[in-house]
Protein chains: 6
Amino acid sequence: MENNNRYDLGISTIKKMVSNEALENIEQMKTISPDFWEMIISFGYGDLYSREGLSNTKRVIVTLTSLITQGAFEQLEFHIRAALNVGLTKDEIKEIIIHCSGYVGFPKACQAMMIAGKVFEEVTEE
Amino acid sequence: MENNNRYDLGISTIKKMVSNEALENIEQMKTISPDFWEMIISFGYGDLYSREGLSNTKRVIVTLTSLITQGAFEQLEFHIRAALNVGLTKDEIKEIIIHCSGYVGFPKACQAMMIAGKVFEEVTEE
Amino acid sequence: MENNNRYDLGISTIKKMVSNEALENIEQMKTISPDFWEMIISFGYGDLYSREGLSNTKRVIVTLTSLITQGAFEQLEFHIRAALNVGLTKDEIKEIIIHCSGYVGFPKACQAMMIAGKVFEEVTEE
Amino acid sequence: MENNNRYDLGISTIKKMVSNEALENIEQMKTISPDFWEMIISFGYGDLYSREGLSNTKRVIVTLTSLITQGAFEQLEFHIRAALNVGLTKDEIKEIIIHCSGYVGFPKACQAMMIAGKVFEEVTEE
Amino acid sequence: MENNNRYDLGISTIKKMVSNEALENIEQMKTISPDFWEMIISFGYGDLYSREGLSNTKRVIVTLTSLITQGAFEQLEFHIRAALNVGLTKDEIKEIIIHCSGYVGFPKACQAMMIAGKVFEEVTEE
Amino acid sequence: MENNNRYDLGISTIKKMVSNEALENIEQMKTISPDFWEMIISFGYGDLYSREGLSNTKRVIVTLTSLITQGAFEQLEFHIRAALNVGLTKDEIKEIIIHCSGYVGFPKACQAMMIAGKVFEEVTEE
């Protein structure tokens, strides 16, 4: 029971950040490992994203930069969509990727920009 | 000659971000490779940090996160000091590191926090 | 001739670890580069996996963790299937991934869990 | 209050794994960021190391492998000492590093073996 | 205007290295972010590949090795084709990958060899 | 006995690449783990560096680039000295690092250039 507050806080935070459709997509993790799902929500969104001291916009900048730097491109689309939802503009996201090019090199920055381009196109069409 | 504007712009930008002492420290690169020094300033500070579209505060968040994610800890002190100079608070820098822990794991986040702690202590004493 | 023992030992070791089908799949490497194929078997399975001093179960834990940490997800399915063959349970593999989340961050751990989930489903259906 | 159980469980777990001296060393984190210290203990040792389903020996193998693979060598000594405390032998730790060489390459494996050699020597002298 | 020379030099250099078809493929970046496209050409091909002091063959070896080491496999096909165009043979490219295995580990080297095998097959058929 | 040829070939190859002093330095590995030492020589220098199909100069370029890309800076001095011994000039080594900046980002390239600068100074004084 003791974790309920962290989990509930996490769910409430993630719901403000991503669409219902995106949340449903990642909820397949619940079937594979309920314990891991609980950790993602309680730690990632309950403990981290719900903290004060840094705006959600800035937290998303940290998240995007870290994904690009480590080449975790499978997770990038989800977080670019979250970035748009918390108020970053397409141009700011492109600037983040451009700034990354000097710190992670062009190969990863290029891959990130291709994914961003694809997401921006889909978002426009939706 | 054509690069002068980029280099001059870069020097003017970096001077707003770091102390004279810090700038002198990294200028040893000029002796090892003048060409590489020129690139660091022209590309890193003339092309990237001087761009519009993202505040310097947010650019520094990208830089710090990328360094922590790739484990480039030798460069972290320089950029934490720059972060303080462009207006990030100590608490915000700690929040960036804490947020990183979920995305890069605790070992790199711990190492970053140790370095931040050392810089904050020195800054207080200066 | 001198390498025959290492190669033969490697083939004998890998045959205990993976299905014939999986072995046939990776044997396409033989066509691309016979020398590289020889090294994979002689060094990877003849020199490393055949050593005493650490159980095969523990060697597989090292392998899985290293793949997850470096984000080598294209190779993960092959080694998850090998892990099941040498006696790790599905629950233990999930625990390895969950433990990894604190050391490599959630993005890579999530990607690993998705792949594990897919493999476990296929294995059940086979 | 709700986190107390996770934190207390974490402290109880880490005390079984490392010496008092080692614990005191890392407690300097408490001064730099009490919140981050709380997370390290509650999440790292309360949520992860305290879980069932994988022996502590195997969890330490995951930890060591992940540190070696990501090149987090500043943290390696602490965890090699913990590995010895939970019952891994020096020879098993060397085997883990040797096995890693095929998965992360020799540079990182060499660096890990040098650190292990230094720790083993100190442990013998203590 | 000042960047024209760098951009023009970059375009002239990349045209010597890749086919028209390959260049057209990556020009989609121009639509997503014209600024980023300008940087890729001006910095990557105008500033770096156009420098004297290292043959293009050796620069391509640096590029391939860096991509393999960081696991940037999405970009590898483009640069393997460029490598063939500047005069590296298929056998030399395979040797680069084989040599990498000792420095980055077998998982990334295997993935690189699979991609090289696919490109070599397509090149033969073209 | 069967490995003798690989080991002897490796020793003969490494002796052509590094000074006696450098070889003695790394031979401390023999004391920590004789088996691992045997692998470094037999695989790294017997199997890889002794292969035909790529000049030693080009193999060293692969090695340096891979070390810089993965941030294995503790090993870099040893291999920069080997690079000078097999005939790369200081200027070529600087060019390799400069070219890397576009592919791995400036932080790792800067760190590599600092180390190269230090080695070049020591070499001049020797």
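How many residue pairs are in polar contact between chain B and chain A? In this predicted model, in which local features need pLDDT of at least 70, side-chain atom pairs count only at pLDDT 80 or more and totals for chains, interfaces and linings use all residues, side-chain values use heavy atoms, with hydrogens and water left out. Residues are numbered from 1 along each chain as its sequence is written, while chains are lettered from A and ligands numbered from 1 in the order in which they are written.

Between chain B and chain A, 12 residue pairs are in polar contact, both residues being at pLDDT 80 or more. A polar contact is a pair of N or O atoms within 3.5 Å; within protein, one must be able to donate a hydrogen and the other to accept it, and residues adjacent in sequence count only if both atoms are side-chain atoms. On the side of chain B that touches chain A, helix 4 (34-49), helix 5 (56-70) and helix 7 (90-104) of chain B each supply at least two residues. Helices (H or I, at least four residues) and strands (E, at least two) are DSSP runs, numbered from the N terminus. The residues on this side of chain B comprise 12 nonpolar, 11 polar and six charged. In this classification, Ala, Val, Leu, Ile, Met, Phe, Trp, Tyr, Cys and Pro are nonpolar, Asp, Glu, Lys and Arg are charged, and the others, Gly among them, are polar.

Contact, defined as heavy atoms within 4.5 Å, involves 29 residues from chain B and 29 residues from chain A. The two chains bury about 2,700 Å² between them, with 67% of it on carbon and sulfur atoms; buried area is the accessible area (1.4 Å probe) that two parts lose on being put together, summed over both. Of the area that chain B buries against chain A, B:Glu95, B:His99 and B:Tyr103 supply 26%, more than any other three residues. Six salt bridges are found across the interface of chain B and chain A, each a side-chain nitrogen of Lys or Arg within 4 Å of a carboxyl oxygen of Asp or Glu. One of them joins B:Lys58 to A:Glu92, with the closest N and O atoms 3.6 Å apart.

Between chain E and chain C, 14 residues of chain E are in contact with 14 residues of chain C. About 1,300 Å² is buried between chain E and chain C, 75% of it on carbon and sulfur atoms. The count of salt bridges between chain E and chain C is zero, whereas three residue pairs are in polar contact, both at pLDDT 80 or more. Helix 7 (90-104) and helix 8 (106-125) of chain E each supply at least two residues of the side that touches chain C. Helix 8 of chain E gives the most to that side, with nine residues. Nine nonpolar, three polar and two charged residues make up the side of chain E that touches chain C.

Chain A contains eight helices and zero strands. Of the 126 residues of chain A, 63% count as buried, where buried means under 20% relative accessible area, exposed over 50% and partly exposed in between (1.4 Å probe, protein chains only).

In chain D, D:Leu88 is found in the loop between helix 6 (76-85) and helix 7 (90-104). D:Leu88 is buried, with a relative accessible area of 3%.
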